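Hi everyone, thanks for coming. Let me put the structure up, and then we can walk through it together.

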Amino acid sequence: MNRVKDFIYRDILSVNENSDLRRVIITMKRHRVCAIPVVNQLGEYIGCISEQDILNASVPQYMKSMYNTSFMADLDHIVGHLHDLLDEKAIKFTDSNYPTVTPSDSMSYAADLLFRSKKTALPVLEGKMLIGLLTRIEILTVSLNGNKIS
Amino acid sequence: MTEFLSWHLDTIHIITTLVIFIFTFVFITTETLPNAIAAMIGAFLLVAFHIVNQEEAIEAIDFETIGLLSGMMMTVAVMRKSGLFEYIAIKSIKLTGGSPWRILVVLSIVTAILSAFLDNVTTVLIIVPLTFAVADTMKINPMPILISEILFSNIGGAATLIGDPPNIMIGGATNLDFMDFIQNNSPVVLIVSVVTFFLLRLIYYKKLSAVIADKEKIQAFDEKRAIQNKRFFYTTLIVFLVIITLFITHQLHKIDLATLAIGGGFTMMMVTKQDPEEILKEVEWATLFFFIGLFIIIGGLEKTGIISFLADKMVEVTHGETEPAAQLVLWMSALSTTFINSIPYTATMISVIKEMAINPDQSIEPIWWALSLGACFGGNGTLIGAAANIIVAGFTQKTPYPIKFKEYFKIGFPMMLVSIVITSLYLYIRYF
Amino acid sequence: MILTVTLNPAIDKILILNGFEIHKLHRLDSREMSMTVPGGKGVNIALNLKVLGDDTIATGFAGGHEGHLLCDSLRQSGITTSFVFTEGSTRTNTSILDTQHETLTEINDFGQEIPEDDLVFLLESYERLLNRVDMVVLAGSLPKGVIEDVYRQMIIMAQGHGIKVVLHAAPKYTDPLIDSGPFLINPDMRSYHHFMGRPLDGIDAFLQAGREIIAYQKDTEFVIFTHRIENVVAVTRKQSYILRPRDLKIVNMLGYADAYLAGFIHAYRQNLPTADVLRYASAAGLTNIEALYKEIRNTEQITANLERIDVEEVS
C-alpha cells in the first residue's frame, strides 16, 4: 500500500504563532506554498494558515453576505483591509482544525481528505511534531507507476 | 380566579396549557431555544397531553398566513438574484452626491419602501451590507445610518399587509385586505417617517456633517453591474409588479392573498427557469414552523378558555368600547413588543381581540389598526424588539462597528414613544 | 536528529575538465563532466550524514530559483529542509577541476544579503528546531548583513538546550567564538594559516593551540585541525591524537573537511571510543578525496579504509 511516509515533502519551515501576517505572506510567496504550518514556541504544531484563510480574514463581512459584489469592481477594499491586517499575529488567522495526516496513513486516505477539505496541502504530523507536508501533486504522482517522490 | 375556575372542570388542562405557554414564551424571549423549536415542542406537548387533539391542532393553524409567508419567501428568493434591490439602493446612494446625511435619508427611505413589500429581515439583509460597503468606501462610521435603517424597517413594514409578520397575521385572521392596510396604515406611517427624520436630523446632522468623507468614491459603485442578467431582471420585476397589482385589486377578483403569493412564487420560478429545489431551500422553514407552533399553542389557549378570560378582562377594563380598547391595545402592544417577540404576542392578541365582546354598534376595525401599528412600531423600542433589529445587531457584532443595546435604546426607545403618541392621536382623530 | 546550519549556502557548479585553459572554448567530452549540486559546508555535511544513515534537518538562508534548487535537491536526498527564504538568490560557487594538470580553480560568489527581519525569523525557527535535535553543526561563512555575533547566539541557545555544537568555519569566524565553548572546533584553515590571532602551522603548533583552548574552555571537548591531511591533529581533554592516512591517492579535495566531520559525527553518535571515532572520521575524509564526488558515495569504502589510518596517541 502507498503510505504517506514515502511521499512526504520534507520541508518543515513554519511560522510562529506570534509571527505577523506580513511574515506569513512573505514566507508563502518565497517558499511557493499555498498553506503554511503554524507552531508554538516549543515547535509543536497548532494549525495551518492557507491563502484562503487570509482572504477570508481580509474580505469584509459585508461583502461575504452579498449575493454578488461585481458592482464594487471599481473599489479596492479587500487589498486595503489586508494591508491593515499585516501587523496582526499569525495565530489570528490560524485554522486549528486544518486536516492533518500521519506518516502511516494511506495515500488514498490523504487524497480523500484533501479532496473533501478542498485544501492544497496537508501537514504530516508525528505526535505534535511537523515532519513535512503532503501536497496535491505528490498524491497525483503516486499513480505514475509507483514513482516515489522523496 | 375562583369564578374562572368554576367554569372549567379541567383545571389541570388550564395549568398545563399555561405552563407550556409561559415556558414557550420565556424560551423565545430569552432565546434559550431557537424560536421554531420552542414553538413546535410547545405545540407537540399540548397535543401529547390531549389538551387539543391533532385535528384541532391542524384547524388552529392559520394557513392563510403560512401560505402568504411562504409564497412571499419564494418570490423574494428569486428576486434577490436579480440584483434589483442592490440596483435601487446604489442608484439612490449615488444621487446623494456622497453627503452622509443624505445617504442616511435615502437609505432609510429605500429600507422603508422595501420593508413595505418584503419582510423586514430580508430588507435589512440587503441594505445593511450595502451600508457597510458605502461607509467603508467613504471611511465614515455607519452607526447612525444603521440605527435609522432599523427604525425605518419597522416603520415601513407597518404600511402594508405583507410588510411585517403582525400585519400578515392580522390579514390572515380578518377580512381586511391589502388596500385596507394601505388606506389605514400608510398615512400614519408617512407622518411618523417625517417626524422621525426630523428628530434624527436634530440628533445626527451635525455629527454627520462634521466628518470628512470621501464623497467622490461613491461614484465608483456601478449599479449596472449589480444586474447580471437583464432579461432575468426585467422578468422578475414584471412578475413582482403583477403580484402586487393583484394584491391591491383584491376587491375585483376576490382571489385571496395566500393563493396569489404561492401562485406568484411558483410562476416566478417557472418564468425565470429556476430550480425549485434551490429556491425552496431559501424558504425560511424555521420561521414557518415557528408560526405553525404558535398557532397551535394559541389554539390550546382558546380551547381551555384562557383567551376568553383575557378578552373578558379587556372588556372589563374598556367597558366594551372601541375607543379605549384601541388605545389600550396600541400602548399595550407597543410596550410589550419592545421587549418580547411581536409574533407570539400578535398571535395571542388576535385571538383575544376576536373574543372581545365589543359594543355591537361600534366597528372593531380601529382595534386591529391599533394592534398592527403598536406591534410594528413597538419593535423599534429596543435592539431585540424585532427580528430585523436582532439581525442588524448580530451582523454588526462581527464588524468594527458593533451596535450596543444601550446605545440603540437611547435613540430607539424615545423614537418608539414618539411614534406611538402620534399613532394614538391619529387613531383618535381618524376613527373617533 | 542532527541540525546543520548553513547561513551562506550555495549551488556548487562543478566542472571536471581534462585540461583547463583560459582564453579557450571548452566543450565537455565523454571523459569530462559538469555537476550542479547543493553546496556550502553545512549542506555538504548534511548530505554526507544522510549517506551515512543519520537523519538530518538542514536550515539556513536560501533564496530565489537557486534556493529552490538547493532545497529540492536536499529533500530528494532525504534531508528535511527548514530554510528561511530571503528576497535575494542563493549564490552559485563554481569549481573547475582540471584532471590533467591536477589543479582546482574556485570562484565563490558573494551570496545574498540578509535583512534583519529574516535573521530574526531564522533565529526563532532555529530555537524551535533545537527541541527536536541532539546535535547542531554550524558551518561556513556568514552572508552579508548578518552580524558576526549570530554564531555565538546560536551556540548559547543550543547549550541552553543541552545540545552539542560542532563548529566549522574560517578562523575569522571561529576565533571570537572560542570563549563560547562549542563542543568541537574545526577551523577551516585551507587558505589562511592564522588561528587565535597568530600564524599557526605544524603538528606542535596545532597541539599547543588545541591544548590552550581545551584548558581555557571547559565545554570544548575537541579541537581538530584537518587541513593538513597527512597529519590530522585532534586535541581532546584526556589526550591528543595524530592521524595519518597511508598511500594517499588524492582525486578531488572538494568536500574533504565536510566528509571528515560527517564521519566524526556519525561515529561519535555510535558511542565509539575516541580513537575509533577519529579513525572513522579520517577514513571518511580519505574516502571522499579518493573519489570524484564532493560527498561520500560509498560507505563500505570507509570501513575498508579504516585500517589505512595510523593513529598516534600523544599524551
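Which residues of α2(B) meet which residues of α16(B)? On the α2(B) side they are T17(B), I20(B), F21(B) and T24(B), and on the α16(B) side I297(B), G300(B) and L301(B). Meeting here is a contact, with C-beta atoms, placed from the backbone, within 7 Å. By type, that set divides into four nonpolar, three polar and no charged residues, where Ala, Val, Leu, Ile, Met, Phe, Trp, Tyr, Cys and Pro count as nonpolar, Asp, Glu, Lys and Arg as charged, and the others, Gly among them, as polar.

A word on what you are looking at: this is a predicted model, where local features need pLDDT of at least 70, side-chain atom pairs count only at pLDDT 80 or more, and totals for chains, interfaces and linings use all residues. Residues are numbered from 1 along each chain as its sequence is written, while chains are lettered from A and ligands numbered from 1 in the order in which they are written.

Back to our pair. Helix α2 of chain B covers residues 11–30 and helix α16 of chain B residues 285–303, and their axes lie 10 Å apart at an angle of about 145°. Those axes are lines fitted to C-alpha atoms over the stretch in contact, with angles running from 0 to 180 degrees between N-to-C directions.

Now the whole of chain B: it has 22 helices and zero strands, counting DSSP runs of H or I of at least four residues and of E of at least two. The C-alpha trace spans about 75 × 50 × 45 Å along its principal axes. Among chain B contacts between residues at least 6 apart in sequence, 82% join residues at least 24 apart. Thanks, everyone!

Conventions: Two residues are in contact if their C-beta atoms, placed from the backbone, lie within 7 Å.
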